[in-house]
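Hi,

Here's the structure I promised to pass on.

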Amino acid sequence: MSKKIRARYDLKGLFFLAPALVFLALSIAFPLFRVFQRSFQEYSAEFRSFVSVDFDQYRKLFADPLFWTSLKNTFLFTGGSILLHLGISYPIALLLSANWPSTRTRNVFRGSLISPFLFSAPAAALLWGLLFRPLGPLNYLIESIFGTTVAFLGDTRWALISVLIVNGWKSFPLYMVLILGGLQSIPVSLYDAARVDGANWFQTVLKVTIPMMRTLTTTIVLIDFATTFIHFDLVWTMTKGGPMRSTYLMSFFLYEKGLKVFKLGYGSAVGVVVSVIMTLCIAAYLLIYSRGEELKA
Amino acid sequence: MKSSSLGRVILLYGVTLLVTLAILFPVIFALFTSFKPNPEIFIYPPTFVPQTWTIEPYISVLSQNRYLRYFLNGYLISISSTVLCLILGAFAGYGFSRYRLPAKRALMLGILALQMFPGAVLMVPYFNMARTLGLYNTYIALILVDTIFPLALVIWLLKSYFDSIPVSLEEAAMIDGCSRTRALVSIVAPLARAGFIGTGVFAFIRAWNEFMFALILTRGPKRAPVTVGLAELFGQYTINWNGVMALTMVATFPLLILFILVQRYIIAGITSGAVK
């Protein structure tokens, strides 16, 4: 920011922005507006076009048990993912931010730990599908300990947990890297002060690390929420929402209503509900983000 | 922090090694499986390291035109969208970096917010747009989609790279009669090479791994990328696990190479701005 020399507005800059901004407006803002518009309409075969139906789509939606199932599953999946991501990322990031005698070795570990992030959702689904096989390695392990086997993706009690594990595994590296960045930006002087005051490792984590990481953790929760709430690909590849709709997410509802049975108005109403929840989350994120920038400035 | 005593270092290495192996277990197991002959996969209890090593799964997968087609499509789509994304992103990032504009912060935050939205909500409109514009099952549709989603991040990253390049260089060139665009292309862009590589790799990975829109905007293997091919294999009753794992490895291999080459740029990319 300090590099700016020109004090007045220079509108020529808009020429540089225009292509990207027009592209984003046409490809995101406009379709979102269409979804909003369609959610108050219904296709009429009689008029061969969409006619206004006020809030009918929403009334129908809130009376649809499948909608509530998908909402419940989506919240379970999102909440579970956030907890798993933080639960895996934090300890690993703490390990990696310890005082390593060789940065090279640490970077090799860090690189290896990021690698799940490189697998596409279908690729991750296949890797875990192999582990989840009835006669696969996980069942061998479980059988030798508990004397029974688990039908991971085929059992309504286990399917959601199974896809959660895979999603936890696949996406944690992103958050690990963010947390690692945060941990490394805590001033060393704070740790020194804590040590002078005679704090042990546990007390230091509790009184220095955790308070210093509060904003970043909130940000991560919000980013993870926004990402997972509209999750589609991994769970779709693994279960298609089954068995017995036990892993049926909001995005599947959108997909089926909009693209399989072509109830565009109905599907759009779901889209609007999802967007409203997302907007709240994104607004919170932006608020924290811009407040953080003010503090830095 | 504490001085590194030997015991502490051994503990640190040991714990980290165990955690890393646990995290990598699915990958290692899949890699070994891709080198097993088919009958060995059905042995119970399952073997970990192959009893007999074979590269037959790789040969059988890579000799099928269907799979080669997926790879060709994947490269074509991902490279094109990366290039498009970098061009759009470079101009916008430059504009944001060098010009005083009204509501600039609001615009930048708006872009950030917009890019968090998409995904599933846009499935239906994109499907309809593709149908209306005659872009269903074409490369163009997928190239455009894969350009949209990383674009906000690319703009933010390139802006911060441009911010770190002194304005005086361009001003000197412009006094000598060089135009703004020319200054961007021949002075700023070469200096921001690291930024382009890092963000480019990021955009490429996003595009290569994109699945949802590839699924709804294509039909059959003619235009579909690798992710669609992999997803088809999941849930088939007779899976040739060794071949499938070989395919998964081949599909992820290019990303692994890219990642190893430019790891630090990618990490910088993830961290800056805390965007996904």
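**Some notes to get you started**

Let's begin in a loop: Asn137(B) sits between helix H6 (123-132) and helix H7 (139-163) of chain B. (Helices here are DSSP runs of H or I with at least four residues, strands are E runs with at least two, and both are numbered from the N terminus.) The phi of Asn137(B) is near 60 degrees, which is positive although the residue is not a glycine.

**What you're looking at**

Keep in mind that this is a predicted model, where local features need pLDDT of at least 70, side-chain atom pairs count only at pLDDT 80 or more, and totals for chains, interfaces and linings use all residues. Residues are numbered from 1 along each chain as its sequence is written, while chains are lettered from A and ligands numbered from 1 in the order in which they are written.

The model scores ipTM 0.90 and pTM 0.90. As for pLDDT, the predictor's confidence in each residue from 0 to 100, chain A averages 87, with 96% of its residues at 70 or above. Chain B also averages 87, and 95% of its residues score at least 70. One stretch to treat with care is residues 1-6 of chain A, where pLDDT stays under 50 and the model has 5 contacts beyond four places in sequence. (A contact means two C-beta atoms, placed from the backbone, within 7 Å.)

**Chain B in outline**

Chain B has 14 helices and 0 strands. Of its 276 residues, 47% are buried. Its C-alpha atoms fill a box of roughly 75 × 65 × 35 Å along the principal axes. Among contacts in chain B with a separation of 6 or more, 76% link residues 24 or more positions apart.

The chain is divided into domain 1 (1-25) and domain 2 (60-274), with bounds that come from an automatic or database domain assignment. The C-alpha centres of these two domains of chain B lie 36 Å apart.

There is also a cis peptide bond in chain B, joining Tyr44(B) and Pro45(B), with omega about -5 degrees. Pro45(B) is in the loop between helix H2 (38-41) and helix H3 (56-62) of chain B.

**Where the chains meet**

How many residues does each chain bring to the contact? Chain A brings 80 and chain B brings 77. On the side of chain A that touches chain B, helix H1 (residues 13-38) of chain A gives the most, with 15 residues. By class, that side of chain A has 52 nonpolar, 20 polar and 8 charged residues. (Nonpolar is Ala, Val, Leu, Ile, Met, Phe, Trp, Tyr, Cys and Pro; charged is Asp, Glu, Lys and Arg; the others, Gly among them, are polar.)

**Helix H4 of chain A**

Helix H4 (residues 103-114) of chain A has 12 residues and should span 16 Å at 1.5 Å a residue, which agrees with its end C-alpha atoms being 16 Å apart. (The expected span is 1.5 Å times one less than the number of residues.) Arg110(A), Leu113(A) and Ile114(A) are buried in H4(A). Seen down the axis, the buried residues of H4(A) fall within an arc of 100 degrees, so they line one face of the helix; the arc is that of the directions from the helix axis to the C-beta atoms. An α-helix has 3.6 residues a turn, so residues three or four places apart point the same way. The buried residues of H4(A) pack against helix H3 (65-96) and helix H7 (159-184) of chain A, along with helix H1 (6-33) of chain B.

**Around helix H12 of chain A**

The loop between helix H11 (233-239) and H12 of chain A holds Pro243(A), and the peptide bond from Gly242(A) to Pro243(A) is cis, with omega near -10 degrees. Arg245(A) is in the loop between H11 and H12 of chain A too; its phi is positive, near 60 degrees. Arg245(A) counts as partly exposed because it has 17 C-beta neighbours inside 10 Å.

Helix H12 (residues 250-260) of chain A is mostly covered, with 8 of its 11 residues buried, including Leu254(A), Lys257(A) and Gly258(A). Those three residues, together with Val124(B), are touched by Gly267(A), leaving aside residues up to four places away in sequence. Gly267(A) lies in helix H13 (residues 264-296) of chain A and counts as buried because it has 26 C-beta neighbours inside 10 Å.

Note on methods
Buried ≥ 20, exposed ≤ 12 C-beta atoms within 10 Å, placed from the backbone.
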